[in-house]
Amino acid sequence: MTNELLLKALRENPFVLAPMAGITDSCFRTFMRELGCGVVISELVSAHGIEHKSHRTLQLMAFEPVQRPVGLQLFGDTPEVLASAAKVVEASGADFVDLNFGCPVPKVVKKGGGSAMLKDLPQVERVFRAVRSATDLPVTVKIRTGWDEPSRNAIEVANIAYNEGLTWVAIHGRTRAAGYSGAADWNYISEVKAKSKIPIIGNGDIHSGAAAVQRLRESGCEGVMIGRGCLKNPWIFKEALELYSGAPQEQNNGVRDFIQLFLRLRQAFEGLVDEKITLLQIKKFASWYSSGYPGASQFRKSIFQTRSLEEAMNMTLAFFSELCDGLQPVAQADTSQEAFLMGGHG
Ligand SMILES: Cc1cc2nc3c(=O)[nH]c(=O)nc-3n(C[C@H](O)[C@H](O)[C@H](O)COP(=O)(O)O)c2cc1C
């Protein structure tokens, strides 16, 4: 895929699925594409793991054509290892290479990877240059606003990315030091956007389709990236896209949709992973999607005690069908202020 085609895809659907380790695997990316997200990106994949042909690492690189445009995200500590991994990404048939310069996890930053890159701008430049010349694919990067508050440098990183020919910079609006605390700083994201020549994708704390469109418009960014928001509301991308394109909003009978949704989710996992993993995934998604509905906390306790896929599915379908018993669908309470998955690799 060329830069132009990737940017065209972003213009058509500027709502990007955020990479999330342990969540945005190939099954989930296909599922979310069906639910309206635009560009998708794999969870972070170790460039060293690729070099050593680790089976687990190569599994993480799997994707299905229906996900296109699909990027594979690399993390690593040297220009050489990242450049040679980028060649493997290209050979895999993926559409673009995404670099992880946002991961705050000590194991990664101790070696100079992830957000630690932000402390060394000459190294940032070397990595961009090496990866760019190793592949014909578009190269993108996902960063935090900086290592810590006094050293925020997303504007400088965006400038280097532009000079080195990257396609976009995605910014999670927190510093590495902030972890997942406080709120994503959209004022700063807007400032970076205003001062940069390269397309910017803003990211952080988007919990509804309306908020996604509002952030997009107010920040002036070319795209917005949504992570945890789609783990509570799987229709967030569809809602955002409909609002953005002015299409009439579908009548939201969310509860009945959940039944179809879980049948499809089960099918998506069953085709690709074994029953134990499918069971675990159904439990996780059932507990996330139930968030904000009456009886969710008791449901969560019960679902994690189930032993078989059939039992978990039956309990899940019963929970969501019960919500549907009245004439009106039950509204989902806003739980965006509650702590939710306060950790991750970006
Ligand atoms: C469980 C989890 C795993 C994550 N894994 C990655 C990752 O592999 N690569 C990455 O760049 N960001 C990763 N992130 C960060 C997200 O992509 C995103 O930047 C962050 O969650 C803020 O966006 P949100 O508020 O929409 O979730 C992860 C986040 C979470 C919660």
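Domain bounds here come from an automatic or database domain assignment.

**View 1. The two domains of the predicted model.** The chain is divided into domain 1 (3-245) and domain 2 (254-323). Taken over C-alpha atoms, the centres of domain 1 and domain 2 are separated by 29 Å. Their contact takes 7 residues from domain 1 and 11 residues from domain 2, two residues being in contact if their C-beta atoms, placed from the backbone, lie within 7 Å. Helix H2 (26-34) and helix H11 (229-232) are the elements that give two or more residues to the side of domain 1 that touches domain 2. H2 gives the most to that side, with 4 residues. Helices (H or I, at least four residues) and strands (E, at least two) are DSSP runs, numbered from the N terminus. Residues are numbered from 1 along each chain as its sequence is written. Because this is a predicted model, local features need pLDDT of at least 70 and side-chain atom pairs count only at pLDDT 80 or more, while totals for chains, interfaces and linings use all residues.

**View 2. Phe-31 in helix H2.** Phe-31 has its place in helix H2. Phe-31 is buried, with 21 other C-beta atoms within 10 Å; a residue is buried if 20 or more other C-beta atoms lie within 10 Å of its own, exposed if 12 or fewer, and partly exposed in between, with C-beta atoms placed from the backbone. Leaving aside neighbours within four places in sequence, Phe-31 is in contact with Arg-264, Leu-265 and Ala-268.

**View 3. Strand S6 and its two partners.** From strand S6 (residues 169-172), Val-169 and Ile-171 point one way and Ala-170 and His-172 the other, and all are buried. S6 pairs with strand S5 (residues 139-144) in the parallel sense over 4 bridges; two strands pair if DSSP finds at least two bridges between them. Ala-170 in S6 is the bridge partner of Lys-142. The chain passes from S5 through helix H8 (residues 154-163) to S6 in a right-handed β-α-β crossover. Right-handed means that, with the strands pointing away from the viewer, the path from the first strand over the helix to the second runs clockwise. S6 is also joined by 4 bridges to strand S7 (residues 200-203), and the two run parallel. Ala-170 stands opposite Ile-201 in S7.

**View 4. The shell around the ligand.** The ligand is surrounded by 24 residues, the closest being Ala-18, Gly-227, Arg-228, Gly-344 and Gly-346. A residue is near a molecule or strand if its C-beta atom, placed from the backbone, lies within 6 Å of it.
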